[in-house]
Amino acid sequence: MSIALHQLRAGVIGTGFIGPVHIEALKRLGVQVMAICGSTRNARATADRWGIPEVYGDYDFRALLRSPSVDVIHITSPNKVHVEQSLAALAAGKHVICEKPLGMTAKDTAKVVAAAKRKNAPVFAVNYMCRFFPAVLQMRALVARGDLGQIIHVQGHFFQDWLLHATDYNWRLLASEGGKLRAVGDIGTHWIDAVSFILGARAESVFAHLETFHRTRYRPKGEVQTFAKIDPKTMVPYRCDTEDLGSVLLKFGKARHGFVDGVHANASISQVAAGWKCSLALGIYGTKGSVRWDLQQPNEILVGRREEPNQVLQRATAGFSKDVAGFTDYPGGHPEGFPDSHKMHYRAVYEHIASGRRTPVLFATAEDGHHEVKLCEAVLRSSRSRRWVKA
Ligand SMILES: NC(=O)c1ccc[n+]([C@@H]2O[C@H](COP(=O)([O-])OP(=O)(O)OC[C@H]3O[C@@H](n4cnc5c(N)ncnc54)[C@H](O)[C@@H]3O)[C@@H](O)[C@H]2O)c1
């Protein structure tokens with residue numbers, strides 16, 4: 001049985017930076033956002049701003065889960081509560097889109113995998129939405145069709161600069177709040193997930209080097225929202241126990257289409273790269289050609305050939321194939337970007353639910369989210385032991 005997307009109703013847990021990104025994308029899809037949960041003050045303010053009828057303050061997500069007006073839960077709270085909230089949402093029979101990372105430890109995220117696998121369990125997705133940039137889908141199609149030949153290697157980076165100064169503060173800087181891996185866990189996993197998606201194969205082993213440039217950082221006395229500006233005079237020093245940057249080598253497994261088998265990748269991840277706000281860049285190099293992309297120029301990919309001129313292919317023009325139809329809404333020359341990738345991701349998940357699971361599962365599942373957390377643990381072990389480690 002199929003229903004229309006607007007018949008599905010959403011509830012959002014978390015009102016910080018990314019919560020409203022989910023709300024905006026849902027509203028653009030015509031999905032009704034019926035409930036919001038957060039601190040009492042922020043939940044009320046978010047509800048007033050977006051016209052959300054049900055408000056659950058005091059972080060009372062269990063009360064939101066009891067609401068009969070909500071079918072799909074969006075978990076946009078900090079990392080350390082993702083597993084508890086995911087398990088409770090699944091137990092309440094709600095479909096879930098949980099923010100990345102799925103949890104703080106693989107031991108915990110394995111519980112979500114088990115709950116999401118149960119007979120008649122609701123649909124569960126992890127918000128690795130980079131998969132839904134048309135450019136990423138296009139690169140995936142090029143690889144799967146063999147247009148690039150046998151893939152030889154992959155290279156790239158994810159650079160940000162919002163934690164460049166010792167006085168920049170966010171809960172992610174504390175291992176107890178965000179997890180033991182910060183730069184690699186927070187943004188590196190977006191890079192790894194996007195590359196796995198493009199190749200059609202999982203990363204199986206890693207060799208990593210991690211560095212903390214600012215061993216002493218400064219924090220305000222209270223909590224602050226992501227990207228908020230703080231007065232340095234009100235700050236106190238603390239020892240930073242998460243990495244500012246990392247170099248990661250990865251070995252990918254075999255893809256069903258046969259063009260990827262044992263591919264080597266290297267990625268540089270940094271949250272202290274001055275001038276780079278959100279540059280997720282990657283290049284896939286094969287025996288017939290290569291393709292490169294940067295999230296900061298999301299509408300085009302650069303295809304390289306040895307015997308032919310290189311080409312810049314643009315979204316929504318002849319350069320992008322029919323493989324990405326349905327994942328782009330605006331004509332060529334009308335840029336789509338970060339908010340659109342969220343919209344396309346939620347559309348894919350909601351269509352899967354609304355169609356009675358008849359659409360392909362392109363989104364990251366609980367198992368994919370769990371694998372990313374296992375990779376993070378392998379990265380940490382590798383950095384300590386200076387060896388290749390299997391995930
Ligand atoms: N997919 C992406 O591109 C992307 C981008 C940014 C953040 N994220 C992820 O989203 C999550 C939130 O990040 P953020 O940058 O919005 O953080 P944030 O600090 O700006 O917001 C977190 C919000 O959660 C609320 N909160 C705290 N404890 C809670 C609880 N127990 N229950 C409910 N709400 C609670 C806070 O009050 C705050 O409103 C993180 O897991 C992060 O990794 C994903």
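## Close-up views of a predicted model

**View 1. Helix α1 and its buried residues.** In helix α1, the buried residues are G19, P20, V21, H22, I23, A25, L26 and L29. Buried here means under 20% relative accessible area, with exposed over 50% and partly exposed in between, using a 1.4 Å probe and protein chains only. Helices (H or I, at least four residues) and strands (E, at least two) are DSSP runs, numbered from the N terminus. With eight of its eleven residues buried, α1 (residues 19-29) is mostly covered. Its buried residues pack against β1 (9-13), β2 (32-37), α2 (40-50), β4 (72-75), β5 (95-98) and α9 (338-354), where contact means heavy atoms within 4.5 Å. Just after α1 comes G30, with a positive phi of about 85 degrees.

A word on the model: it is predicted, so local features need pLDDT of at least 70 and side-chain atom pairs count only at pLDDT 80 or more, while totals for chains, interfaces and linings use all residues. Residues are numbered from 1 along each chain as its sequence is written, and side-chain values use heavy atoms, leaving out hydrogens and water.

**View 2. The largest nonpolar core.** A nonpolar core is a set of buried Ala, Val, Leu, Ile, Met, Phe, Trp, Tyr and Cys residues joined through side-chain atoms within 4.5 Å. The largest one has 84 residues, and W191, I284, I301 and Y350 touch the most other members. Helix α8 (residues 183-199) contributes the most to this core, with ten residues.

**View 3. Around I301.** Setting aside neighbours within four places in sequence, I301 contacts A135, Q138, M139, L142, V291, R292, W293, Q311, V312, L313 and F320.

**View 4. Where α6 meets α8.** The axes of helix α6 (residues 134-144) and α8 come within 7 Å and cross at roughly 40 degrees; axes are lines fitted to C-alpha atoms, for helices over the stretch in contact, and angles run from 0 to 180 degrees between N-to-C directions. The two helices are therefore oblique to each other, since angles under 35 degrees count as roughly parallel, over 145 as roughly antiparallel, 65 to 115 as roughly perpendicular and the rest as oblique. V136, L137, M139, R140 and V143 of α6 meet F197, I198 and L199 of α8.

**View 5. T189 in helix α8.** Look along α8 and you will find T189. T189 counts as buried because its relative accessibility is 2%. Not counting residues up to four places away in sequence, T189 touches Y128, V184, E372 and C376.
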